[in-house]
Amino acid sequence: MLSRKSSSFELILAVIGGLVLLFILAPLFQMFFSSDFNSLLKTAGSAEVQKSIWMTIWISILGTFLFSFFAIPFSYMLARKDFPLKRLVCGIIDIPVVIPHSAAGIALLGILSEESAFGSFLNKIGISFVDTEAGIMVAMIFVSLPFLINSAKAGFESVPLSLEKTAYTLGASPGKVFFTVSLPIAWRSILSGFVMMWARGLSEFGAVVIIAYHPTVTSVLIYERFTAYGLKYAQPVAVIFIIVCLIVFILFRLLSGKNITAYRGFKN
Amino acid sequence: MGKLKLTNISKKLGVFKLEDISFSLETGDYFVILGKSGSGKSVLLEIISGLITPDKGRVYLNEKDITAKKIQKRNLGLVFQNHSLFPHLSVKSNILYPLRARKKMNADTGKKLETLCRTLGILNLLNLKPGTLSLGESQRVALARTLITSPECILLDEPLSSLDIQTKAEIKTLLRKINKDSDSVKSEPQTVLHVTHDYEEAISLANKIGVIENGSISQIGTPEEVFRHPGTEFVANFAGIKNFFRGKAAETENGISVFTPYMNNIPANISFYISGNYRNEEDGNLIIKGENITIANELYATSARNTFKGKITDIENVKSGIEVTVKTNGLLLSSLITKESLNNLNLSFDKTVYISFKANAAKFIK
């Protein structure tokens with residue numbers, strides 16, 4: 001009786017899970033199968049599309065890589081140290097995820113455009129973020145940084161404190177403990193956060209389109225083609241971009257050796 | 001050298017506190033701190049190793065004050081209860097970690113590693129990852145990692161608590177070997193500070209015991225002193241065993257051996273039958289709980305293998321009844337009886353009585 005009950009309950013769970021998967025996959029399959037192969041080939045050969053996809057990928061990876069030099073030590077501090085207003089600091093880190101991304105773009109534009117004192121200062125020393133690759137990178141980092149920080153923080157928290165204490169008693173300096181014990185053990189979580197941050201930055205539209213319409217990242221290119229020419233012209237770009245992203249995503253997944261979508265530690 | 005001294009160490013951590021802890025270890029001492037979990041044993045080890053700074057008091061190593069010295073600069077080895085092997089490093093890299101951290105790798109390192117690993121029986125494990133080791137193997141590797149730096153004193157936090165009986169016995173033998181330096185681990189006896197909640201470990205290994213109770217040391221002494229003459233009620237309840245004898249077990253027949261206690265380091269003129277096979281003469285400690293010793297006014301036939309005639313030298317009211325001490329062949333044995341038995345048997349000072357206990361009521365601890 002019990003097993004029958006549990007099996008019908010499991011069936012309900014499986015149906016619910018199936019519906020969720022269908023919700024994710026149905027639009028994607030529809031898009032893939034309704035695309036004309038010749039137009040996909042033609043789009044893939046377009047210099048504008050190639051340039052946009054390549055630029056989107058390298059800017060998002062470089063942004064994530066550069067930011068990781070700040071995010072990883074900061075995550076370690078959040079995981080290991082107690083300080084006043086720590087909860088507030090953790091809350092601030094999650095802000096980019098909970099605000100509308102177009103609003104994030106407006107906020108960034110406000111501080112980086114020439115109209116602000118900071119933007120005007122940057123302009124004077126030859127740095128401009130409006131309509132430049134640097135601006136795109138900043139927008140991508142801004143909206144995706146919680147993914148890396150929270151995942152790395154969870155990774156560091158999972159390193160048993162006794163291992164770090166042991167390393168200290170064995171003669172290691174705090175820096176050595178970090179690089180030889182904490183970082184290698186938390187590495188998988190950090191890599192997982194790195195991929196999630198990169199994937200989130202790669203797909204960003206709202207914040208990027210406000211700070212830099214040009215040069216055109218792929219999400220903006222898809223939007224531009226859709227508004228100018230309609231669904232038929234936007235679809236092949238979207239399909240090619242998704243394929244490229246999936247390939248890179250799977251490569252990272254193989255590299256990390258575990259389910260990189262298991263994003264831990266994010267709190268709303 | 002390996003002299004460790006603590007004076008008036010105090011530390012408050014939330015609701016928990018350590019108060020006025022003072023003791024000293026001479027080179028080659030095996031000092032066991034015995035206390036219940038939560039009594040502050042582990043915190044004390046972390047204070048000595050430098051992971052926690054005390055609020056008050058000083059720590060001296062070889063007569064030098066190391067209280068303010070950096071953890072990395074103290075030549076002490078702490079082995080945690082869970083062994084804390086680095087999971088991402090091989091056994092070999094784990095053992096060499098302290099030398100790499102201190103930049104002390106040199107031409108002799110390979111030889112030292114081999115000698116140490118041979119002594120600890122882990123030479124075949126060097127290329128394995130810690131996750132594949134048994135608990136006993138992990139403990140040996142953790143000890144090797146600590147010993148490779150030749151620490152002045154090793155600090156062991158419940159080193160036997162998670163091991164099965166067989167492995168426990170093996171590690172105990174190894175710890176004795178490390179302490180006595182009977183096999184080239186170190187060129188001189190190794191000072192050991194070991195904390196545990198298990199009094200049998202203390203009896204088995206220590207030459208000195210400190211009992212910790214509610215954050216304070218309530219008694220320090222040799223195992224005999226602590227167990228025979230508990231300083232406080234806590235010690236008495238926790239580990240108080242009046243019938244505690246050092247001696248030698250030998251002559252096995254049908255699972256029964258003979259134990260001869262020492263009096264002033266020479267065999268006494270009395271022997272006990274005890275359970276267990278000890279074909280080779282083995283030194284150890286015998287404990288007999290007072291409630292397992294019966295008293296009678298006359299000699300009568302009994303299944304108990306040990307019966308002795310003696311005189312009552314003391315009758316004392318204790319929490320769990322009446323403790324009657326009987327002197328027989330120069331040895332004192334204490335029996336725990338009820339008040340009714342005391343009255344029924346009409347026991348009094350200097351009265352001649354017969355005391356007896358079964359062979360399996362005596363516990364021999366190596």
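Helices here are DSSP runs of H or I with at least four residues, strands are DSSP runs of E with at least two, and both are numbered from the N terminus. The model on display is predicted, so local features are given only at pLDDT of at least 70 and side-chain atom pairs only at pLDDT 80 or more, while totals for chains, interfaces and linings use all residues. Residues are numbered from 1 along each chain as its sequence is written, chains are lettered from A and ligands numbered from 1 in the order in which they are written, and side-chain values use heavy atoms, with hydrogens and water left out.

**First stop: A207(A)**

Select A207(A), which has its place in helix α10 (residues 206-211) of chain A. Is A207(A) buried or exposed? With a relative accessible area of 0%, A207(A) is buried, where buried means under 20%, exposed means over 50% and partly exposed lies in between, using a 1.4 Å probe and protein chains only. Leaving aside residues up to four places away in sequence, A207(A) touches H101(A), S102(A), G105(A), A139(A) and V143(A), a contact being heavy atoms within 4.5 Å.

**Second stop: aromatic rings**

Over all chains, the whole structure holds 16 aromatic pairs. Rings of Phe, Tyr and Trp (its six-membered ring) pair if their centres lie within 6.5 Å, and planes under 30 degrees apart count as stacked, over 60 as edge-to-face and the rest as tilted. Select F65(A) and F69(A) to see an edge-to-face pair, with 5.2 Å from centre to centre and 90° between the planes. These two residues are about one helical turn apart, because they lie four residues from each other in helix α3 (residues 47-80) of chain A. F65(A), at 40% relative accessibility, is partly exposed, whereas F69(A), at 54%, is exposed.

Move to chain B and select F272(B) and F357(B), whose ring centres are 5.4 Å apart and whose planes meet at 70°, so this pair is edge-to-face. The pair joins distant parts of the chain, since F272(B) is in strand β14 (residues 272-275) and F357(B) is in strand β20 (residues 352-357), 85 residues apart. F272(B) is buried at 1% relative accessibility, and F357(B) is buried at 1%.

Back in chain A, select Y76(A), F156(A), F178(A) and F179(A), which form one aromatic cluster.

Which residue lies over the face of Y273(B)? R305(B) does, at 4.5 Å from the ring centre; a charge sits over a ring if NZ of Lys or CZ of Arg is within 6 Å of the ring centre and within 35 degrees of the ring normal. Select K5(B) and Y60(B) next, where the charged end of K5(B) sits over the ring of Y60(B), 5.7 Å from its centre.

**Last stop: a sheet in chain B**

Chain B has nine helices and 21 strands, and 53% of its 366 residues count as buried. Select the strands of an open sheet of six in chain B, which has mixed pairing and the order β6-β7-β8-β3-β9-β10; two strands pair if DSSP finds at least two bridges between them. The edge strands are β6 (76-79) and β10 (216-221) of chain B, each of which pairs on one side only. Finally, look at β6(B) beside strand β7 (residues 153-157) of chain B, where the two pair in the parallel sense over four bridges, and find L76(B), whose bridge partner in β7(B) is C153(B).
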